[in-house]
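This briefing takes up surface charge, salt bridges and sheet pairing in turn. Please read it alongside the sequence and the 3D view.

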Amino acid sequence: MALSISSLTSSLSSLSFSSHISQRPSTLSFVRSNSLSISHLTKTHSLAVVASAAAVGSPLDLKTADLKKYVKSRLPGGFAAQTIIGTGRRKCAIARVVLQEGNGKVIINYRDAKDYLQGNPLWLQYVKVPLATLGYESSYDVFVKAHGGGLSGQAQAISLGVARALLKVSEDHRRPLRKEGLLTRDSRVVERKKVGLKKARKAPQYSKR
C-alpha cells in the first residue's frame, strides 16, 4: 500500500511538471509571432513612406525645374541669341547677364537670386545697384549664368555684367554708370605665394639661434 501511494504521488508530480512545460512554450510562441508580425508591418509601412517621398521629389528640385522651364521660355535660343547681354568678371568668377523687360525678377543659374546668394544683403545689393542707379529696379528681369570663384566674386561679376548690358539698351547710360564706378573691371586678384614665405607676404617667425 505504501508503495502504491508513493508511485501515485511521483506520477502526479511528473504529470504536473510536464503540463507546466507544455503550457510555457505556447505562450512564448504566441508572443514571439505577434512581435514579429508587428515589426514586419512597421517595416513595410516605413518602406512605403520612403518610396512615396522619393517619388514626389524634394521641393527644391521641383522649383529649380520650373525655373529652368521659365528661363527657356523667356530666352528662346539661349543666352547667346539675346541682344541685351553683358559679361562681367571678378577674381575667378565669370557671369553672363541677359536683360529683358519685366518686373525686376533676378534669376541666377536657374535659381532665385535671394536663394542663390543665401540671402546676403551685400551680395544682393551688388546685383541691383546698376539698375537702381538708372531707376530700372522694376523695369527689367535679369537672367544670369555664373561660374567660377565664390558667391562674393560672382555677385560683383554680375554687377559689371548688368552695367555692360545696360549700355546695349542706351549709350546715354554710360555717364551715370561711369560716375558710380560700375563700368570699371576690378582687376584685383589674390597675390601668389612666394618661396620661403608662408603666404604672399607673411614670413616665418625669426629665430636668432
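## Surface charge

In this predicted model, Arg192, Lys193, Lys198, Lys199 and Lys202 form a positive surface patch. One of these residues, Arg192, is located in the segment after α6, a helix that covers residues 174-179.

**Overall make-up**

- The protein chain contains six helices and five strands, and, read from the N terminus on, these elements follow one another as α-α-β-β-β-β-α-α-β-α-α.
- Of the 209 residues in the protein chain, 26% are buried.

**The positive patch**

- Arg192, a member of the positive patch, has a relative accessible area of 56%, and because exposed residues are those over 50%, Arg192 is classed as exposed.

**Salt bridges**

- Side chains of opposite charge can pair when their charged atoms come close.
- With a side-chain nitrogen of Lys or Arg required to lie within 4 Å of a carboxyl oxygen of Asp or Glu, the count comes to seven salt bridges.
- One of the salt bridges is formed by Arg90 with Asp186, whose closest N and O atoms are 3.4 Å apart; since Arg90 belongs to strand β1 (residues 85-90) and Asp186 to the segment after α6, this pair ties together parts that are 96 residues apart in sequence.
- Arg174 and Glu171 meet through their side chains in a salt bridge with an N to O distance of 2.6 Å, and both residues are partly exposed, Arg174 at 34% relative accessibility and Glu171 with a relative accessible area of 46%.
- A salt bridge of 2.8 Å, N to O, joins the side chains of Lys194 and Glu191; here Lys194 is partly exposed with a relative accessible area of 24%, and Glu191 is likewise partly exposed, at 39% relative accessibility.

**The sheet and its edges**

- Five strands make up an open sheet in the order β1-β2-β5-β3-β4, and the pairing within this sheet is mixed.
- Which strands stand at the edges of the sheet? They are β1 and β4 (111-112), and because each has a single partner strand, one side of each is left without a neighbour in the sheet.

**Pairing between strands**

- β1 and strand β2 (residues 93-101) run antiparallel and are joined by six bridges, among which Gly86 stands opposite Val97 in β2 and Ile85 has Val98 in β2 as its bridge partner.
- Strand β3 (residues 106-108) pairs with β5 in the parallel sense over three bridges, with Ile108 standing opposite Val144 in β5.
- Strand β5 itself (residues 140-147) is mostly covered, given that six of its eight residues are buried.

- Val127 and Val106 are 21 residues apart in sequence, and their C-alpha atoms are 8.6 Å apart in space.

Methods: Residues numbered from 1 in each chain as written. Predicted model: local features only at pLDDT ≥ 70, side-chain atom pairs only at ≥ 80, totals over all residues. Heavy atoms only, no water. Patch = residues over 30% accessible without salt bridge, like charges linked within 9 Å, V, L, I, M, F, W, Y side chains within 5 Å. Areas by Shrake-Rupley, 256 points an atom, 1.4 Å probe, with all protein chains shown as cover. Lys, Arg positive; Asp, Glu negative; His and termini not counted. Charge placed at Lys NZ, Arg CZ, Asp CG, Glu CD. Helix = DSSP H or I, 4+ residues; strand = E, 2+ residues; numbered from the N terminus. Buried < 20%, exposed > 50% of the residue type's maximum accessible area, 1.4 Å probe, protein only. Pairing = 2+ DSSP bridges.
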